[in-house]
Amino acid sequence: MVSTSAMEAIAWLHFHAPAFNDLDSLLLLSTGSALSLIQRARLSTLGKHKSYVLATENSLLGSVMDLSIAAAIRRKPISIRHEAGQLDIFFRNQAYRVQADVFSLNAFSKQAGFRFRCGTSKPTEHLNWLQLLLAEKNH
């Protein structure tokens, strides 16, 4: 599981731990909100035949991080730029322009015709898993 913060990873695990038979085989990675070259290199060594869940926030930044992390895992260089409600994405020697308000890893995967083989996990009514956990604890 890859997330943008360690606290987010722990909150995600709080809600999803029952789905795993062996927590010792689960790897939680935290990248921050921008991938460095070292992090990209590390993600590309994780292995193509493992399954990945990307637990980023439920926002445009989270969706962009999903794409950035998924591309790094699949060893595909990518460039993403946001301007005037549009995302300009350069991926596999092609340029794509996507509306920012409807962007997701799944939508881009379909548009580009490339399967990243990474699932995303986002809470529906909160910005991120940590806010959901805090909201649950306060009720």
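Tutor: Strand β5 is mostly covered, with five of its six residues buried (buried means under 20% relative accessible area, exposed over 50%, partly exposed in between, with a 1.4 Å probe and protein chains only). The model is predicted, so local features need pLDDT of at least 70 and side-chain atom pairs count only at pLDDT 80 or more, while totals for chains, interfaces and linings use all residues. Residues are numbered from 1 along each chain as its sequence is written, and side-chain values use heavy atoms, without hydrogens and water.

On one side, β5 runs antiparallel to strand β4 (residues 78-83), joined by six bridges; strands pair if DSSP finds at least two bridges between them. Phe91 in β5 stands opposite Ile78. Two residues lie between the strands of this hairpin, where Ala84 has a positive phi near 50°.

Strand β6 (residues 94-99) is also antiparallel to β5, with six bridges, and its Val98 is the bridge partner of Leu87. In that hairpin, again with two residues between the strands, Arg92 takes a positive phi near 50°.

Within β5 sits Asp88, buried at a relative accessible area of 18%. Its side chain makes a polar contact of 2.7 Å with that of Arg97 (a pair of N or O atoms within 3.5 Å; within protein, one must be able to donate a hydrogen and the other to accept it, and residues adjacent in sequence count only if both atoms are side-chain atoms).

Notes
Helices (H or I, at least four residues) and strands (E, at least two) are DSSP runs, numbered from the N terminus.
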